[in-house]
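I set out below, entry by entry, what I looked up in this structure. The entries follow the order in which I turned to each part.

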Amino acid sequence: MSLACQNATVPDSPLARWDARYKLAGLFVLAFGVAVLQRPQTVGCALALVLVLTFLAKISARRVLARVGLLLVAVLPFVVVLPFASDHGLELAALIAGRCVTIGLIGLILAATATLPRTLAAAQSLGVPSVLVLVAQLAWRYVFVLLAEARRLRVALQARAFPVRTNAHTYRTIGHVTGALLVRGGERADRVAAAMRCRGFDGTPRGLTPFRATAFDVFALLLVVGGTIALVAWDRL
Amino acid sequence: MIRVTAMTHRFVGGRAALDGVSFTVAAGESVAVVGPNGAGKTTLFLRLCGVLPGVRGEATVANLDPADREHRRKLAATVGVVFQNPDDQLFSPTVLDDVAFGPLNLGLSDIEARDRATEALNAVGLPDHAARVPHQLSGGEKRRAAIATILSMRPGVLLLDEPSMFLDPRGRRELIYLVRDLPGTKLIATHDLGLVLETCPRVLLLDGGKLVADGPTEQVLGNEMLMETHGLEVPYRLRNG
């Protein structure tokens with residue numbers, strides 16, 4: 001299985017050590033700041049800053065390039081069309097591509113320097129509704145179980161020489177398999193709910209608090225927020 | 001500790017999953033519930049822990065009636081259920097979160113819940129697994145972690161539903177040692193008659209929702225006619241003396 005969020009541990013780095021709550025808040029502010037930048041120069045500066053952060057986060061160059069490549073594919077239609085659409089089209093295309101890549105890399109930093117459950121716990125402690133966090137946690141927990149079930153069903157199909165073709169039989173069979181997965185998922189949800197109720201769950205999510213902030217966390221947050229404000233101010237000058 | 005009186009449970013459509021089942025289990029007793037598929041073992045457990053609705057007066061567990069809404073709230077602290085599939089029981093991001101889930105719901109503080117979780121993980125032999133992600137554990141580790149989620153709540157009554165399912169021989173052997181050492185009153189639903197012989201001195205035999213036998217383990221499991229009539233086999237150990 002190769003989902004990026006599956007990793008239970010993350011490599012040690014200054015960003016991995018940064019308290020997840022402060023990191024989430026700081027990177028959210030930075031992403032928001034990048035989204036409102038209107039000049040290619042400031043966006044370029046933000047991209048450089050974020051690349052420094054990816055270096056500090058010890059994210060491999062290969063992973064960064066793969067993410068940048070994906071993001072560039074996503075903005076390709078704008079980059080191709082905009083230069084022909086107006087006088088400032090080239091500038092606008094660069095702006096959109098730059099913002100997109102920068103914000104995408106901020107997301108990569110967030111994903112690569114803390115486990116998803118930890119980031120979700122940070123989101124909860126920052127005021128994101130706990131029910132949303134619980135749903136996200138359960139989705140993260142059970143996506144792997146569902147994937148394993150899907151794999152077993154695929155093997156069962158292969159074992160009976162199921163031919164994948166573009167015909168009604170194939171579509172009908174895939175429909176049945178999808179239906180079976182949904183039914184099993186529904187039944188599992190009932191069983192999980194029963195297990196939660198048996199352990200005293202009354203609808204209010206409660207969890208261990210894994211956070212303890214230090215001066216470094218506060219300083220790093222102030223640095224990122226200050227840098228973002230400076231960038232936006234420079235952009236508006 | 002557990003008193004069941006003429007318990008009946010019908011599913012939608014009228015099929016009786018339990019039909020007039022009565023028995024009592026004394027405090028500290030270990031009792032196995034055996035029977036073929038569809039005998040009503042899991043339904044009995046779900047009724048005892050209050051997950052399935054029922055009629056008042058049909059059951060009490062530590063003087064709490066699972067059919068009573070007020071009693072049901074207190075039941076979680078008294079009855080611990082280990083479900084058939086540990087993937088249904090381990091729903092939190094890490095093993096520690098899962099084991100601390102119950103104590104936190106009981107109103108314990110963060111520190112107390114953490115202490116209880118650590119103690120429970122030690123008890124099941126998983127002291128180094130607190131930070132592990134549940135879906136990455138082996139089958140045996142998942143089963144142990146599922147038991148730890150219950151032990152951390154320190155219930156007086158343990159209901160174990162097919163505890164040896166999905167386990168390899170080594171995992172099963174370790175589970176038998178663990179189950180034998182678990183404190184409190186135990187009710188174990190299983191097809192694994194070898195496990196029953198090693199962990200429970202008394203057996204309840206259910207078939208078609210009815211209690212057809214209740215007695216000492218070797219006497220019930222060694223009765224060839226009774227076992228074959230109800231879709232079971234005399235365990236190898238008893239067949240050969």
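Entry 1: I began with Ala161(A), which comes just after α7(A) and takes a positive phi of about 55°. The structure is a predicted model, and I read this angle as a feature of that model. Ala161(A) is not a glycine, yet its phi is positive. I placed Ala161(A) in the loop between α7 and α8 of chain A. Is Ala161(A) buried or exposed? Its relative accessibility is 60%, so it counts as exposed, the cut-off for that class being over 50%.

**Entry 2: helix α7(A) itself.** I next checked the length of helix α7 of chain A, which covers residues 130-159. Its 30 residues, at 1.5 Å a residue, should span 44 Å, and the end C-alpha atoms are 43 Å apart, so the two values agree. Where does α7(A) bend? I found a bend of about 30° at Tyr142(A). Tyr142(A) is also among the buried residues of this helix, which include Val133(A), Leu134(A), Trp140(A), Arg141(A), Phe144(A) and Leu157(A). I then asked what covers the buried residues of α7(A). The cover includes α6 (116-125) and α8 (168-198) of chain A, and also α3 (86-89) of chain B.

**Entry 3: the boundary between the chains.** I looked up how chain A meets chain B and found 27 residues of chain A in contact with 32 residues of chain B. About 2600 Å² is buried between the two chains, and carbon and sulfur atoms give 59% of that area. On the chain A side, Arg141(A), Arg199(A) and Leu208(A) lose the most area to chain B, and together they make up 36% of what that side buries.

**Entry 4: annotated spans of chain A.** I consulted the UniProt record, an unreviewed entry, for chain A. It annotates "transmembrane region" over residues 42-59, 65-85, 92-114, 126-148 and 215-234. I compared two of these spans with the model. Residues 126-148 of chain A are 83% helix and 0% strand, with end C-alpha atoms 33 Å apart. Residues 215-234 of chain A are 100% helix and 0% strand, and there the end C-alpha atoms lie 28 Å apart.

**Entry 5: two further residues of chain A.** Val68(A) belongs to helix α4 (residues 61-85) of chain A. Its relative accessible area is 18%, so Val68(A) is buried; the cut-off is under 20%. Apart from neighbours within four places in sequence, Val68(A) is in contact with Val101(A) and Leu105(A). I also recorded that Val68(A) and Thr178(A), 110 residues apart in sequence, are 33 Å apart in space, C-alpha to C-alpha.

Ala35(A) lies in helix α2 (residues 20-35) of chain A. With a relative accessible area of 38%, Ala35(A) is partly exposed. Ala35(A) and Gly98(A) are 63 residues apart in sequence and 9.9 Å apart in space, C-alpha to C-alpha. With neighbours within four places left aside, Ala35(A) is in contact with Arg99(A) and Ile103(A).

Entry 6: For chain B, the unreviewed UniProt entry annotates "domain: ABC transporter" over residues 2-233. I found this span to be 39% helix and 23% strand, with end C-alpha atoms 28 Å apart. Within strand β1 (residues 2-10) of chain B I located Ala6(B). Its phi is positive, about 45°, although Ala6(B) is not a glycine. Ala6(B) is partly exposed, with a relative accessible area of 40%.

Four bridges join β5(B) to β6 (residues 157-161) of chain B, and the two strands run parallel. In β6(B), Val157(B) is the bridge partner of Val79(B).

Notes. Residues are numbered from 1 along each chain as its sequence is written. Chains are lettered from A and ligands numbered from 1 in the order in which they are written. This is a predicted model: local features need pLDDT of at least 70, side-chain atom pairs count only at pLDDT 80 or more; totals for chains, interfaces and linings use all residues. Side-chain values use heavy atoms; hydrogens and water are left out. UniProt positions are given in the numbering used here, feature names are shortened, and annotations may be inferred rather than shown by experiment. Two strands pair if DSSP finds at least two bridges between them. The expected span of a helix is 1.5 Å times one less than its number of residues. The bend at a residue is the angle between axes fitted to the seven residues ending there and the seven starting there. Buried means under 20% relative accessible area, exposed over 50%, partly exposed in between (1.4 Å probe, protein chains only). Contact means heavy atoms within 4.5 Å. Buried area is the accessible area (1.4 Å probe) that two parts lose on being put together, summed over both.
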